[in-house]
Every structure is written in C-alpha cells, then in structure tokens.
Amino acid sequence: MRFSESWLREWVNPSVDTQTLADQLSMAGLEVDAITPAAAVFSGVAVGLVIEVASHPNAEKLHVCTVDLGEGEPLTIVCGAANVAAGMRVPVATIGAVMPGDFKIKRARLRGVESFGMICSASELGLAETSSGILPLPEDAPLGADFRAWLGLDDACIEVDLTPDRGDCLSIAGLAWEVAAINGCALTPLDVDPVAAASEERFPVSLEAPEHCPRYACRIIRGIDPAAVTPLWMRERLRRGGIRAISPVVDVTNYVLLELGQPMHGFDLGCIKREIRVRLAAAGERLHLLNGETIVLRPDTLVIADAAGPLALAGIMGGAASAVESETRDILLESAFFAPAGISGKARSYGLHTDSSHRFERGVDPGLQVRALERATGLLLAIVGGEAGPVVDVTAAGHLPQRAPLTLRSARCAQILGFTLPDETIAGILERLGMTLVPVAGGWQVTAPSGRFDLVHEVDLIADVGRIYGYDRIPVSHATSAAGTRARPEGAFDLDRVRLLLVDRGFQEVITYSFVNPELQARIEPEVKGLALANPISAELSVMRPSLWPGLLHTARYNQARQQERVRIFETGLRFRPGPDGLRQEAAIGGLTLGAVDPEQWGAPARLADFYSLKADVEALLALSGDPAGFHFVAAEHPALHPGQSARIDYAGQPVGLLGMLHPALAADLDLTGDAFLFELDQAALSTGVLPRFTPVSRYPAIRRDLAIVVDEAVAYLELAAAIREAAGELLRDLVLFDVYVGSKIAAGQKSLALGLILQVSSQTLTDQVVDDVVGRVLTRLVSDFGARLRD
C-alpha cells in the first residue's frame, strides 16, 4: 500500500515528522518499506499563462509563445510542444531554474529567436515517465505562484507492507484510524453526502451465488461528458499512490479504492443486456478481459454477468466488451462485497493480480459499499457531469459476515502483556480503534468494526492494545524464579554437529522452498503424490515437497548455469509425505555433489565425485550416531537414480535413507552437465545414538591373516562380512577389505576380494592352532554359503 503523506494528514495530523510517523506505523505492525519524495528536486518553476502562440519563423515544429507570469513583462519562450495554445495555464521554468537531474535553465537562442525560459511537460518535471506535450494546469491555478508549492510536491510517499490479515489498512481511511489511535489525536473522517437521484431508473440485479457475493450495489449515471479530463489534483494523488491515471470513470473508482478501500467498477450501460446476474461461471465460458487476454472460465469462478453472458471476473478484472470507452455517455457504477473465501486464489489461478483482488482476498468492509458508491458518484458528477439514478442495494443478509462480541478480561490482558494497564487506558485504545465496548464484570464485551476481519479471539484484542500502547513502552521484567537447567543427553542427536561435519567436508548449506514443482516431483517419485497448495505463489511451486531432492536439484542447476562447475550442497528441513494417518512431516537431511570432490589444487590430481566419494561422506555422517556398524547399504532401485548406482540405507532392518547417482535421463531434462550424486536420510535414524564404552587394550599381540578369495560378482561384500564375523566368533577383532580385483586373471563374472582378518583376545596369546582353526571355519563357511575359493 503506497500513499501520500499529505493526503493522510488531511484525515489525521499528529505533531510528528515523517520519519517518526513511519516508525510509529512499523511499531504498530504496519511495516513501512520505503519513504520516497513525491517529486524530483527542482526549483524556479512558476505558474504561467500563455497569452499568444505564433509560428517560429525558421522552424515548422517550434512555436514562439508569449507567457505572462503575473508580474513584470511577459516572457518570450520557444516551445516545441504540439498542444501549446493561447489561454493555457502551464508550468514555466524561468531563467536560473534548476530542473530534475541538476539541469539549469539559461537564456538561449533557438533557430534565431531568443527564449527566456521553458514551458514544462510532466516528464520534464519528473511527474511522469513519458508525456506527449506540456502539462496543462487548471484555470484556477494562481498566476505566478510557485508551481512546487501550489501542487504540494514537498510531500512524501510512504509504502507499507501489510500482513494479509490487515486488509482494513489498505486505504487512507484505515491508516488514519491507526494513526489517530497511536497518537491519541483527532480524526477528521470523510463526510459523504448522499447524491440525490435525478431519475427513478434502476437496473435489476439478482444474487445467484449469495455465499460468494452477499451484497451488490449499483446505480445508473446518464449523460456524462466523454471529453472531460480528470483534474490534476486527483491525477497527482493517484500517481503518489502508485496508480496511473487513465480516464475520469476509471480514475474516480481508483481514487475511492485508495481513499476508502472499496474496489469499484464502471460498465458501459449500453453494453449490458437487461440485468446484472452475480453467479458462478458455466464450464467453458469465455471472457475477454481489459488487459487483452481471453480466458476460459471454470465453474468455481464468480462472475458478473448479464442476460447474454459474463461481463467481468468478480472482484478481479472487468471485461473488454463492457468497458467504458471514450464515447461512452451512460454508465453503471458497481460497488460490491465479495466473500474472501470465494475470491482467494482465483486471480492467481488465472495468472492475474489486481488491486481489487488484493483487497477482496483480505477482506473489504461489508458495510462500505453504499458509502463508497455515493462518494464515487459525487466525484464523477463534479468531473464529468450527468444525472444519477437511485442506489440499487441488493443484500443477502444471512450471508454477510457477522461480528459476534468478544469478551476481554483486564486480568487476561495483564497476563498476556506482562504488566497491568489501567482499565481506562485499555478502553480508550479500543474506542479509538472504532470498537464498541460494554462493561461487564472483570472486563468488557467488545464489538469490533465490520472491516476488522483479524479480530476473532480475545488475544487479538490484547494484541491491539499492546501495539497501540507501544511495545517499546512495555516495561522490562526479569524472571524471579530459579531457572532450572537440564543436561543434554550424551547420546542425543546434534543437528549442528551434523551441519559442521558436512561443512568440514566441503559442503555448503542451502535453504530452499518447502513447496516444489509438481512436474519435477513426479519425475523423482512418481508413486508419491505431494500435497497441492490451495493458494500457491506460482504454478511451479504448487505442491509441498515429499523430498529434499527437488530443491537441491534446482539449486544445482541454478549454480551450474552460472559457471559453478563444482557443487557440494546440503539441506536440513521438513519433508511432507502422505501416510495412512494423513500427511506426515518428517525431518530429513539431504545432500548433492556434482563435479570435483576437491577444489582445484596442485597437490593432488583432480577427481570427480562418484558413488563411493559420496558414500564416504554419508558414512562419516552416520558415524555421529555412535552406531555406524548398525547402518547397512543395500543395492536398490529408485525412479530418480541410476539403476546400477543406487543404494538404500537400512538401520535395524528399516529403510532410513537413499544414496545414488541421478538418473541420466532426469539429468538431461534438468540440463545438468556431469554426474550428480544425491543422498537423503531421516533425521530420526540418527537420533537414537549409542554411547561409546571403554574397552581396555589387550596386553597380548594381535595376529593378522590375509585371504584372497574368488566369488561371483553378484555376491555383496556385506553378506560376506556377516558370514565371516559369525564363523570367526569373538576372536575376530576387525575385518579389512583391502583389495578388489576384476580382470583377465580370473574367470569372467567373478571377482577377487582380499580380506584381512585381525584376531586378538585379552586373556592370552593366540596360538597358531587356534588361528588356523578360525581361518578354517571362515573358509568352510564361505565355500558353503557363497561357493568361494582361494585365489591361486
């Protein structure tokens, strides 16, 4: 919401400067994003009257103008604007004037004719990006007056970033209530007088979807002047509010939007067939919008229609067929209340976002429609003339929002705020915010204004009391009770330690959106359907992530597109997966590596990341649990991973993670160059840590026996190791795999594994006989279970 400070001060004028006013709004929860000047810096520009316009003797497109500034001799000024004419009042930069951009006006000779100033356009004064001619001023502009002071350009434009629940502050009126309540000063609300009807002509209206539109007001205005121009003061206020002036009818509706917060729309009366029907669209209906787009309507979309078909997207945008054009003389002015639930998300679903939809989605005061209609009618008649008919106000009272009184207890207020405010202070704050109070035992029954959709619980009222009183004025208090401390369990999972370990191994932490592209998610896990968002910020981010991988892949693609060939990233966060009891929120750790394992250096040859380099990173992470031996890597397949380079990570017989290379087809679709490797782990799998135990070092020497065995390539080392440990028993202290060979010296389809068996006990020195017995049992087990043989 962007607004002019001077406009706000016409409603409420506290004795504070601009920065203090902005700070007050921010502290009250209406965060100020920016304060900008209403106009660029310039000086020496006065209001002048063009007395005479003559053709330049040496240039066809130039004019020699005689301009009166109210005192002294008229000035001769050469002007190239096509719209300059005698009798116009215009802004004139005199000799010595400083224009925007620090450009100084000097006496000049243009094609042989001396010029003593410059007649200015809006763009030359910094009041518009472009302009087609000089800026005409109204006839009542005081001759010779300083143009900057007359137009009030020493003003500030304040932009506030409102939370979605404060739709009531999307107007000058709403902000004025807040400022008056904060400063405890007088509020001068707008006095809107009803416009007397000049005829009894009414337009029939039927509410066919009252749950979505419980109130619709309109009136006919005939005989407007299509040549009328929006006055400069209104165009200026619209400009300072961030809205471009278009035509009187559109400008007046936008003006009321900024002033009162009520979106409105004007229809060309001659384009409406017989009646107004507020209804849901029929499937397949089409509507050509004001922005030039043609959309296919869905049955859940509310439209304003006539007997022939849709005229406008309700609360969002009007249709081109019924738009007010330059020849329009009769209009139908609309002012309605649309339920936020029926409008929310509809504009975005059609790729639209308008000032009207922004307000209706957050909630417009359901009691404002007729007042806004009267205000707009009065402004229009003053600008374009015409005759207004009576107001048609069709209401489905049963569907209008009802504000039930809320009970506010002074004791509860003290408990929440942490200190006691006098009852008269609490009551005064709420009354200044427009609430109605009825005293009851221990507090009040409070009825909030109809436009305050955010006040639904007692704590909401207490929050209003706190923010208007001033959070900075709440006294600091310290706890008087003893603070108890509890030692962290030694085996508890430490997420910070995991982060530090991954950083030490060259990873960088990233934070991605919790919602992802549904198409990418379907490619990664086709069998898992992510939870679709009811109101997504975009079609590409419309489902909650069942995995961390979509965000990591998007980040990798983003970095690689910017010449970052080495990517090592990880993320910790929630994933949202469907389960038998509904949606499960699971904490997970995910990572991705792409490119070289190490940064470029001279001390070691470059080595690209592969399955085993990432497996080493994951094993280091699993070691933090205190039970690394409890985790097992099992060959498995996954739709997003290469079928020959993927593994499932199990713990206590349950799957807890995945590891592998990104499927080449998916990598090609994502335009990733090189092989990307990913992992993902449940954080819960690391949370049941095992405490280390002290074991005395044996005084007796260890004995090592090496075996080289040949087995089928399909035999997993994990199965071999389990069999060896079971056959060797307690004498086996450690098992080392120190060589794997596949080649011409052994049969095809087989592999050679070199194993080191380290045997030791704490009670005696092992004899050769005992060691030979152990090795014999191991070989027998390997032969019987796996068909192994000793390598020659």
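This is a predicted model: local features need pLDDT of at least 70, side-chain atom pairs count only at pLDDT 80 or more; totals for chains, interfaces and linings use all residues.
Close-up 1. W150, by contrast, is partly exposed, with a relative accessible area of 28%. The structure holds nine aromatic pairs, and F147 with W150 is a tilted one, with 6.2 Å from centre to centre and 45 degrees between the planes. Both residues belong to helix α3 (residues 147–150), where they are three residues apart and therefore separated by about one helical turn.

**Close-up 2. Three aromatic residues gather in one cluster.** The members of this aromatic cluster are W7, W233 and Y255.

**Close-up 3. An open sheet of three strands.** The strand order is β24-β26-β25, and the pairing is antiparallel. Which strands stand at the edges? They are β24 (406–409) and β25 (436–440); each has a single partner strand, so one side of each is left without a neighbour in the sheet. On average, neighbouring strands of this sheet are turned by 30 degrees against each other, direction ignored. If you follow β24 to its partner, strand β26 (residues 443–447), you will find four bridges in the antiparallel sense. Within this pairing, L408 stands opposite W444 of β26.

**Close-up 4. Two helices pack on the sheet.** Helix α11 (residues 410–417) touches β24 and β26, and its direction makes about 70 degrees with that of β24. Helix α12 (residues 423–432) also packs on the sheet, where it touches β24, β25 and β26. The direction of α12 makes about 0 degrees with that of β26.

**Close-up 5. Helix α11 packs against helix α13.** Two packed helices are described by the angle between their axes and the distance between the axes. For α11 and helix α13 (residues 458–469), the angle is about 65 degrees and the axes are 10 Å apart. What is the handedness of the crossing of α11 and α13? The crossing is right-handed. On the α11 side, the contact residues are R412, C413, I416 and L417; on the α13 side they are E458, I462, V465 and G466.

**Close-up 6. Two loop residues with positive phi.** Most residues other than glycine have a negative phi. Q563 has a positive value, near 65 degrees, and is not a glycine. Its place is in the loop between α16 (549–560) and β30 (567–579), and Q563 is exposed, with a relative accessible area of 62%. A652 is not a glycine either, yet its phi is positive at about 55 degrees. You can find A652 in the loop between β33 (641–651) and β34 (654–662). A652 is exposed too, with a relative accessible area of 68%.

Terms used. Residues are numbered from 1 along each chain as its sequence is written. Side-chain values use heavy atoms; hydrogens and water are left out. Two strands pair if DSSP finds at least two bridges between them. Axes are lines fitted to C-alpha atoms, for helices over the stretch in contact, and angles run from 0 to 180 degrees between N-to-C directions. Contact means heavy atoms within 4.5 Å. Buried means under 20% relative accessible area, exposed over 50%, partly exposed in between (1.4 Å probe, protein chains only). A crossing is left-handed if the near helix is turned anticlockwise from the far one by less than a right angle, and right-handed if clockwise. Rings of Phe, Tyr and Trp (its six-membered ring) pair if their centres lie within 6.5 Å; planes under 30 degrees apart count as stacked, over 60 as edge-to-face and the rest as tilted.
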